[in-house]
Amino acid sequence: MGRLDGKVAFITGAARGQGRAHALRMAQEGADIIAIDISKQIETVPYGMATAEDLAETVRQVEALDRRIVASEADVRDYDALSAAVDEGVAQLGRLDIVSANAGIFSNATAEELTDTAWNDMIGVNLTGVWHTAKAAIPHLRAAGGGSMILTSSTAGIKGFPNFVHYVAAKHGVVGIMRTLALELAPDFIRVNSVHPTSVDTDMIQNDSLYALFAPDLPVEERTRETLGARFQSLNALPIPWVEPVDISNAVLWLASDESRYVTGVMLPVDAGSTQK
C-alpha cells in the first residue's frame, strides 16, 4: 500500500528539478499526476529553463512507475490556461486531492539595478502563479471532500537576502497566501502549508549568474560547482552545500499524506539549519 494510493496530485513546474522529483516521489507512493510546465524561456531568467522534452521525460518516468499522468504546457501567470489544464486533468483522472504549487524562477540584481521587467516576471511566476494554482484547484479539492495544498516558498520567505529583493518579496508573499488559505479552507478540510528549502541542487542555483554573485573574486574559469560548494555551504548550519530535490519531495509527500492530516498553516523549513544562522 502506498501512502497516496487512490489520490491525484497537481504539480506545477513539473518538467524537471523539484517539480519532477515531487511527481516521481508521489507516483512512487501511488498517486496519479497532473503536471504542467511553461516549457519555454522567460527572458529575464539567466539560465536555461525547462523544455517540452523535459516535460515529456517527466511523463516517461511517471508512466514507468505504472502511474497515470496528464501533462500539458501552461504558464502559471495565465489563469485561464492553468485552470483549463487542471480541469482537463481532473476530467481524465477523476478527482484532485493534492496540489504542489512548485513552479518558480530565479534571477538576481541589486534593488537599484533591478528592472521592472525582472520584478514583474518574478512576482508573476513566484507569487501570482502560486495564487492562480491554488485558486484553480480549490473547487476540485472541495469536490473531493478535502485535500492538501503545499506551496513552495524558500528560506527567502523567512528572512531577507541581498541582491534578490523581488525573489524575497515573492516568497514572503507565498507565506501570506498560505496562512490566509489555511484559515479560509479549513472548514472544507483542505490543509494548506508551505515548504521552505535552502539551496537545492538544480539549475536554479547551478548557473553562471549565481556563481558570479557568490564568487566575484574568482576568474570565470574557476567558478565551478566544486569551488562554489564551500560558499553555498556557508549559508547552512549543517555542513552541506545544498540539499537534493528528493529532500524537498519527501517533505511535500509528508504534507500530502494522511500522516499530516491535522497539520495546516505551517511553514516547514527543509533548510539544513540555514534559517537559524
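Colleague: Which residue of strand 4 does Phe10 stand opposite?
Modeller: Val99 in strand 4 stands opposite Phe10. Keep in mind that this is a predicted model.
Colleague: How do strand 1 and strand 4 pair, parallel or antiparallel?
Modeller: Parallel, over 3 bridges. Strand 1 covers residues 8-12.
Colleague: And how many strands form the sheet?
Modeller: The open sheet has 7 strands. Their order is 3-2-1-4-5-6-7, and the pairing is parallel.
Colleague: Which are the edge strands?
Modeller: Strand 3 (69-73) and strand 7. Each of these pairs on one side only. On average, neighbouring strands in this sheet are turned by 15 degrees against each other, direction ignored.
Colleague: Now helices. Which strands does helix 1 lie across?
Modeller: Helix 1 lies across strands 1, 2, 4, 5 and 6. Its direction is at about 170 degrees to strand 1.
Colleague: What about helix 5?
Modeller: Helix 5, residues 165-185, lies across strands 5, 6 and 7. It runs at about 160 degrees to strand 6.
Colleague: Switching to helix 8. Which of its residues are buried?
Modeller: Pro245, Ile248, Ser249, Ala251, Val252, Leu253, Leu255 and Ala256.
Colleague: What do those buried residues pack against?
Modeller: Helix 1 (17-28), plus strand 4 (98-101), strand 5 (147-152), strand 6 (190-197) and strand 7 (267-270).

How values were computed: Residues numbered from 1 in each chain as written. Predicted model: local features only at pLDDT ≥ 70, side-chain atom pairs only at ≥ 80, totals over all residues. Heavy atoms only, no water. Buried < 20%, exposed > 50% of the residue type's maximum accessible area, 1.4 Å probe, protein only. Helix = DSSP H or I, 4+ residues; strand = E, 2+ residues; numbered from the N terminus. Contact = heavy atoms within 4.5 Å. Pairing = 2+ DSSP bridges. Axes fitted to C-alpha atoms, helices over the stretch in contact; angles between N-to-C directions.
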